[in-house]
Amino acid sequence: MPELTYEEFQGIIASAKRSVAHLETRDSYGTSTEIPHIARWEAGEPDDLEWLQEWCATVREHVRNGHSVRRAKIVSEPLSQYQRWVYGVFGPMVEAGEDVRWVPRRLVSSIALPGNDCYVVDDELVIFLHYAGSGLNTSLETSTKQDDLDLCRAAFDEVWALGIPHREYKPE
C-alpha cells in the first residue's frame, strides 16, 4: 500500500469531494501536536484551542460545500485519561460541523472492524493510520482495494449507527 506524508494526507482530506468518515478504535493516542496540550490539561492549565483552528477551517469549508465530515469513536468506559481530555476539546470541531459520535466498546463486539483506524474519503479511498504502542502515529497508508473499501465502509456504518452524538454523550 502506498504511504503518505502528513502533508499529503492533509491535502487529500481537504480536497474530498463528498465525504470524510473517520473511524477511531484506540483508547489512547499521543500525537506530537496533542502532547503539550494534554500535559497542560493534566496540570489544570487553560488551553485556547487555537491549535485546532486549521482542522476546524477544513471542516467548515466541507460543510459549506455540502460535504459530510463524520467521526465515530469507539471507546472503553470509563474513558481513558486521553479520551476524557478529547471529550473536553471537541467542542470547536463539533461547532465547525464535524459530526462526532461516541460508541461504547461493549456495543461493537460482533462488528468486523479493520485492524487499524481509518478514514474513508468519498467512498473511493481508505487511509489507514498506523500507531506505535505509545499512541504516536508511525505511518499513513492508502488503499483503493474494493475489499478494504467494503470492510471500512461497513464497519464505519455499523459503528455509526450505534453512536451517541457528542452533545448527548455523557462520559463515565
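Mentor: Let's start with the largest pocket, which holds about 950 Å³ of space. Pocket here means an open set of points on a 1 Å grid over the protein atoms alone, where a 1.4 Å probe fits and protein lies on both sides within 12 Å along at least five of seven lines. Points are joined across faces, edges and corners, and the volume is the space filled by probe spheres set on them. There are 38 lining residues, and Tyr6, Phe9, Thr31, Glu34 and Tyr119 are the closest to the pocket's centre; lining means having an atom within 4 Å of a point. Helix α1 (residues 6-14) gives the largest share of that lining, six residues. Helices (H or I, at least four residues) and strands (E, at least two) are DSSP runs, numbered from the N terminus.

Two notes on reading all this. The model is predicted, so local features need pLDDT of at least 70 and side-chain atom pairs need 80 or more, while totals for chains, interfaces and linings use all residues. Residues are numbered from 1 along each chain as its sequence is written, and side-chain values use heavy atoms, leaving out hydrogens and water.

Now for the aromatic rings. Searching the whole structure turns up 11 aromatic pairs. Rings of Phe, Tyr and Trp (its six-membered ring) pair if their centres lie within 6.5 Å; planes under 30 degrees apart are stacked, over 60 edge-to-face, and the rest tilted. Take Tyr87 and Trp102: their ring centres are 5.6 Å apart and their planes meet at 65 degrees, so this pair is edge-to-face. Tyr87 belongs to helix α4 (residues 81-89) and Trp102 to strand β4 (residues 99-104), so the pair ties together parts 15 residues apart in sequence. Tyr87 is partly exposed at 22% relative accessibility, whereas Trp102 is buried at 0%. The cut-offs are under 20% relative accessible area for buried, over 50% for exposed, and partly exposed in between (1.4 Å probe, protein chains only).

Phe156 and Trp160 make a stacked pair, with 5.4 Å from centre to centre and 20 degrees between the planes. Both sit in helix α6 (residues 146-162), and because they are four residues apart, about one helical turn separates them. Phe156 and Trp160 are both buried. Elsewhere, Tyr29, Trp51, Tyr82, Trp85 and Tyr131 form one aromatic cluster.

Glu24 is part of strand β2 (residues 19-24) and is buried, with 7% relative accessible area. Leaving aside residues up to four places away in sequence, Glu24 touches Tyr29, Arg71, Ala72, Lys73, Ile74 and Asp117, where contact means heavy atoms within 4.5 Å. Tyr29, remember, is one of the aromatic cluster.

Most residues other than glycine have a negative phi, and most peptide bonds are trans. Glu77 and Pro78, though, are joined by a cis peptide bond with omega about 0 degrees; Pro78 is in the loop between β3 (68-75) and α4. Leu49 has a positive phi near 60 degrees, lies in the loop between α2 (35-42) and α3 (53-64), and is buried at 14% relative accessibility. Asp122 also has a positive phi, about 55 degrees; Asp122 sits in the loop between β5 and β6 and is buried at 3%.
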